[in-house]
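Please keep the structure in view while reading.

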Amino acid sequence: MEPKTPSESRTLMTDMVLPSETNPLNNLFGGELLARMDRAASIAARRHSRRITVTASVNHVAFNQAVPVGSVVTVEAAVSRAFRTSMEVFIDVWMEDRFNGEKSKVNEAIYTFVAVDDSGKPTTVPELRPETDLETQRFEAALRRKQLSLVLAGKMKPKDATELKALFLD
């Protein structure tokens, strides 16, 4: 399998926040935003793997700013690292100011997807080759996040988490 770049998986979904999608403060429900992020991330993972993909975990979500009704929201997702059968997908959420058109980053998330075959068994995915500085930063950090997750789940001994140890010993 030939390695792929994050740009090959990049997915943009733009939509408007409608009144039925908001809470009593007229801001987008967090769950609605999570669903939008999951859909965009799923498409990015499928573009990278060209397989059926399933959400394995939501590793991080930051609701940094409320998104008011009427806002135009763009969810941008791209694979940030590929492992044997899993892919980390980094998601940035942008909001367009209704009055001046300026775009600002309002939320972000990191999801993990697993590629599966037609019978639902995990299958290998192409490697990822980052191209930009930001893609390289996210690529390198993904291994630390994976090691931390494995240590916390008891699937890796802390002494074997070389990337995590390097953060504290250098």
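Helices (H or I, at least four residues) and strands (E, at least two) are DSSP runs, numbered from the N terminus. Helix H4, for example, covers residues 162-169 and contains Leu167. The model is predicted: local features need pLDDT of at least 70, side-chain atom pairs count only at pLDDT 80 or more, and totals for chains, interfaces and linings use all residues. Residues are numbered from 1 along each chain as its sequence is written, and side-chain values use heavy atoms, with hydrogens and water left out.

**Annotated domain**

- UniProt, in an unreviewed entry, lists residues 7-119 as "domain: HotDog ACOT-type". UniProt positions are given in the numbering used here, feature names are shortened, and annotations may be inferred rather than shown by experiment.
- The span of residues 7-119 is 20% helix and 48% strand, and its end C-alpha atoms lie 29 Å apart.

**A nonpolar surface patch**

- Leu167, Phe168 and Leu169 make a nonpolar surface patch of about 400 Å². Patches are made of residues with over 30% relative accessible area and no salt bridge; like charges are joined within 9 Å, and nonpolar side chains (Val, Leu, Ile, Met, Phe, Trp, Tyr) within 5 Å.
- Accessible areas come from the Shrake-Rupley method with a 1.4 Å probe, and for residues, only the protein chains shown count as cover.
- Why is Leu167 exposed? Leu167 counts as exposed because its relative accessible area is 52%, and the classes are buried (under 20% relative accessible area), exposed (over 50%) and partly exposed in between, with a 1.4 Å probe and protein chains only.

**Salt bridges**

- A salt bridge is a side-chain nitrogen of Lys or Arg within 4 Å of a carboxyl oxygen of Asp or Glu. By this rule the count comes to nine salt bridges.
- Arg10 forms a salt bridge with Glu76, with the closest N and O atoms 3.5 Å apart. This pair links distant parts of the chain, 66 residues apart: Arg10 is in the loop between helix H1 (6-9) and strand S1 (11-16), and Glu76 is in strand S3 (residues 72-82).
- Arg10 is partly exposed because its relative accessibility is 30%. Glu76 is also partly exposed, at 21% relative accessibility.
- Arg10 also meets Glu135 in a salt bridge (3.3 Å, N to O). Here too the pair links distant parts of the chain, 125 residues apart, with Glu135 in helix H3 (residues 133-152) and Arg10 in the loop between H1 and S1.
- Glu135 counts as buried because its relative accessibility is 10%.
- The side chains of Arg36 and Glu32 meet in a salt bridge of 3.1 Å, N to O. Arg36 and Glu32 are four residues apart in helix H2 (residues 30-49), so about one helical turn separates them.
- Salt bridges that share partners join Asp92, Lys105, Glu108 and Arg138 into one network.

**Surroundings of Glu108**

- Glu108 lies in strand S5, which covers residues 103-116.
- The side chains of Glu108 and Lys105 are joined by a polar contact of 2.7 Å. A polar contact is a pair of N or O atoms within 3.5 Å; within protein, one must be able to donate a hydrogen and the other to accept it, and residues adjacent in sequence count only if both atoms are side-chain atoms.
- Not counting residues up to four places away in sequence, Glu108 touches His60, Val61, Ala62, Phe90, Ile91 and Asp92, where contact means heavy atoms within 4.5 Å.

**Surroundings of Gln147**

- Gln147 is placed in helix H3 and counts as buried because its relative accessibility is 7%.
- A polar atom of the Gln147 side chain lies 3.0 Å from the backbone nitrogen of Glu163.
- Leaving aside neighbours within four places in sequence, Gln147 is in contact with residues including Met156, Asp160, Ala161 and Thr162.

**Positive phi angles**

- Which residue has a positive phi of about 65° although it is not a glycine? Asn26 has this value; Asn26 lies in the loop between S1 and H2 and is partly exposed, with a relative accessible area of 43%.
- Arg50, a residue other than glycine, has a positive phi near 55°. Arg50 is found in the loop between H2 and strand S2 (52-63) and is exposed, with a relative accessible area of 59%.
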